Amino acid sequence: MSFDAHWNRSYKQIYKERNEAVAERFALAKERIFEIAGRPPLKAHSLFEDYFGKTAELFLLANRILCMEQSGELERRSLLECEELNRLMYQEILPENYETSYANPDYAQQKLGTEFGGILCFLYTECRALFAYAFEGRMFDMTLLMELFLEVYTCFCDSNGTAFSEISHAVYGHFHDYSEIFVRQGIKESVDPKLDFFTGIVEHADFDDLTYLYRYGEYISENERKTAQYLSSLSKERIQAMADTFTEGYRIGFAVTNKDLFKKKTVSIHYAIGFERVVRKAMENFKKMGLSAVIFRDAVSSFGGRGNGKRGCYSTSPNRQYDYDHRNDKAYYLDKAFVERRLEALRDSYEAYKKEAAVFAGPAVQEVFGEDAFAPVDKRCAVHFDEKQRQLNVDYANRAGRITNQYIKGEERSYTIISYPVPEIGADYEKIFLETVKINTLDYLTYRKIQQRLIDVLDRAKKVRVTGKGRNQTDLTISVFPLEKPETQTAFENCVADVNIPVGEVFTSPVLKGTNGLLHVTGVYLNGLFYRDLKIWFEDGMVKDYSCLNFSDEAANKRYIRENILMQHDALPMGEFAIGTNTAAYRMARDYKIEDKLPILIAEKTGPHFAVGDTCYSHAEDVRVFNPDGKEIMPRDNEITLLRKTEPEHAYFNCHTDITIPYDELDKVTAVLPDGTQMDVILDGKFAVAGTEELNQPLEK
C-alpha cells in the first residue's frame, strides 16, 4: 500500500480537525513529559520516580510512532524495522517480562504500596492505548491521556504529599468528563464506513509484503505471520470459496428470518489479523450486496471493555493473564453518575448517527481458535467490582442494549459467524485448517433432512431429559413448548449453515417452568477461559447455583463463574437447548486431539448444548420464522422475554453462553411424550432416531 494512497484515506480528514484543535495542548504536554522521562527527583515521593519515568517512556515511544505516521515512515519500513518496533511496544507485557511490569497488579502494589499500587497500575495500562492512537494519527486522543498522566504526576510533586482521593478524582474526572467523546467515537467506529483506517489496509495492502501486518499497531505473533503466509499458498479459488461461505451465510441469515437486506448499507466485519486475503474478497462480495464494510479496533481502553474478549479487528494477545488481570479496570471510576452520563451520551450519539445506525445490517464475524490452553490466575491485587458496581454493570448493559435496539432494530438486523484455526494449534495446522474448511462447507441439504427426523420426534415431546455418563453427572429435564397446531407449527429450529457456520444443530427456547436439574461438564473452554468440573443447577429454568474447581477458594470459583458466564448477573435463564449434529467436527477434534481448543461455535455442534442468557431470537421475537418444511417456529419467547411488553427493563440480559456436553460424556437424550412414552433421541452417545444413522459413522471410527 503506497503512502499517497494511505494519506488520502477518509479517516485522515475526519481526525484532522480534532487534532488541530489540541495541537498546542499536545505540544505543551509532550514537552513536560519529555522532562519527566529524564527522571527529575520527586521532592516527597522518590518511591514513585521509576514508575513515572517508565510511564513517560510509553509516551516517548508513542510520540515517535505518531511522528512516523505523520511523515509516512510507517508505510515505508522494512520488515526488520517493523518487527523491532512491535517488540518495543509489547515486550514488557509478554509472559516472560510481565512479573516485573507496572502493568502487573501484584508487582505494582509490591513496588508502589497498597494505597497507590492498584490505581497507578491501572493508569499505566490505560496509557498503553497510546500506541494504537498513534498508529491511527489520533493526536486528540493521545492528548487527553497525556493530560491525565500529568494531572496524576502533579499530585506527587506536592511536597506536602498526596492522597489516594486526589488520584481517584483525577481518574474519575477524565472518564466522566470525556464520556460523550469516547461514546461518540465508539458509535461512529461501529456504523460509519468513512472511518476507513482498517478497510484501507485490507483494500490496498500488498499481501506478499508482510510489513502490512504491522501497519495496524497490534501485537504480531507467529500466528499472524504464519496465517498470512499460509493463506498466500492457497489458490485464488480456495480463498474466494472461503469468502463466499462467509458472506452467503450472512445473506441466507436475512432470507430465512424474512428480513430485508436491501434496506441496509453497512456491515461490520470482525476478523483476526492475517486473514486479510479472505476479508478482502468478503468485502467485495458484500459490496455486490450493496453493503460497505465497517471495521474497528479491538478495545484498547477500559472504557471500551479492554480484556473482555476479542471484537473488531484483533490479533493474538501478547499475554492473556494481562488481559484477565485488567478485565474489571472500570471499577476505578464506575458509579451511578458515570452510568447515567454514559447512557445519556449513548442515546445522544445514536441520535447523531441515527441514519447510519438505521442502515447497519449487523456483524459478520470470523473467529479463530487453536491457541494454547489458558487457565487464569486469580490475582490477589487485581481490581474487582464491588457488589454495587456489579449491579451497575448489569443495569448499564440492560439499558444500553435497549437504547441500541431502538436505533439498530433487532427485528431488522442479522449476523453470521465462522471460525478457522491459527498456527499455534500445532504441527497439524495445515491439515486442521483444510479439515475446518471442509466442515464449514458440509452439504447443508443432507443435514437439513437428517435434522428434520430429530425434530419430528422432539416436536411430540412434553419434555426432554438429558443424562451424562462416566464422570459426567448431568441430569436435566427441559420443558418443551406445547404446539397447538403441530401440522403447521414446530418447537425446534432446523439450523443449517447460515448465521452459525458450520452446519449442525436443532434448537429451541425452553419453557422455563419445569426445566430443572444439573448441567455438568468435566472440562470446558468458554470464551477462551477454562472451567474444571463446571456445574450449574437450574430450577424452573433459572440458574439456582453453580460451582467449578478452578481455584482452591470456593468464593473465587463462584466469582469466576459469575463474572465470565453469568456476566455479573445473580441468575440467568436457560435461553437455549440444542442438539449438535456435526459429528464430523467431533471426529476432527478427537483425531487431532484439539477438543480443548475448539471454539464454542464449533464445539456447540458436537453434542447437546445449553445456553445461559437470552434466547436466540433476542429482540426479534415478533418476526415470524419458519423451518424449511414450512412450519412456523413457535418458541421464540420464554417467560422472561415476554416481559418486554410490560417490563422491558427485565426482559433481556444481553449475553448468551453455550455450554456443550460432548458425545463421549453423554448417556441419553430422551423425548418424554405427554402420555409418558419415552423415545430415545441419543442412546449411549449415539443417535437413535431412524434416518439419523449417517451421523453415527464419525462416532464409530
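Helices here are DSSP runs of H or I with at least four residues, strands are DSSP runs of E with at least two, and both are numbered from the N terminus. With that in hand, select Pro-502, which is in the loop between β9 and β10. A cis peptide bond joins Ile-501 and Pro-502, with omega at about 15 degrees.

A word on what you have open: this is a predicted model, where local features need pLDDT of at least 70, side-chain atom pairs count only at pLDDT 80 or more, and totals for chains, interfaces and linings use all residues. Residues are numbered from 1 along each chain as its sequence is written, and side-chain values use heavy atoms, with hydrogens and water left out.

**Zoom out**

Show the whole chain. Its secondary structure comes to 26 helices and 20 strands. The radius of gyration is 26 Å, close to the 27 Å from the globule rule for 701 residues, so the chain is as compact as a globular protein of that length. (That radius is taken over C-alpha atoms, and the rule is 2.2 Å times the number of residues to the power 0.38.) Along its principal axes the C-alpha trace spans about 85 × 55 × 50 Å.

Colour by accessibility next: 59% of the 701 residues count as buried. Buried means under 20% relative accessible area, exposed means over 50%, and partly exposed is in between, with a 1.4 Å probe and protein chains only. As for contacts (heavy atoms within 4.5 Å), take those in the chain with a separation of 6 or more: residues 24 or more positions apart account for 76% of them.

**The five-stranded sheet**

The open sheet has the order β9-β10-β14-β15-β17, with antiparallel pairing; two strands pair if DSSP finds at least two bridges between them. At the edges stand β9 (493-495) and β17 (656-660), each with a single partner strand, so one side of each has no neighbour in the sheet. Neighbouring strands are turned by 25 degrees against each other on average, direction ignored.

Val-506 stands opposite Ile-579 in β14.

Met-567 is not a glycine, yet has a positive phi of about 50 degrees.

**A strand inside**

Select β5 (416-421). Which of its residues point one way, and which the other? Thr-416, Ile-418 and Tyr-420 take one side, Ile-417, Ser-419 and Pro-421 the other, and all are buried. In a regular strand the side chains alternate between the two faces of the sheet. With six of six residues buried, β5 is largely enclosed by the rest of the structure. Its parallel partner is β4 (360-369), over six bridges, and Val-368 has Tyr-420 as its bridge partner in β5.

**Helix α14**

Next, residues 222-233. At the start of α14, a side-chain oxygen of Ser-221 comes within 3.1 Å of the backbone nitrogen of Asn-223.

Glu-92 is in the loop between α5 (79-90) and α6 (95-98). Its side chain makes polar contacts with the side chains of Ser-101 at 3.0 Å and Tyr-124 at 2.6 Å. A polar contact is a pair of N or O atoms within 3.5 Å; within protein, one must be able to donate a hydrogen and the other to accept it, and residues adjacent in sequence count only if both atoms are side-chain atoms.

Finish at Asp-622, in the loop between β15 (608-613) and β16 (632-633). Buried or exposed? Asp-622 is exposed, with a relative accessible area of 60%. Its side chain meets that of Arg-644 in a polar contact of 2.8 Å. Show Glu-411 too: its C-alpha atom is 7.6 Å from that of Asp-622, though 211 residues separate the two along the chain.

Terms used
Axes fitted to C-alpha atoms, helices over the stretch in contact; angles between N-to-C directions.
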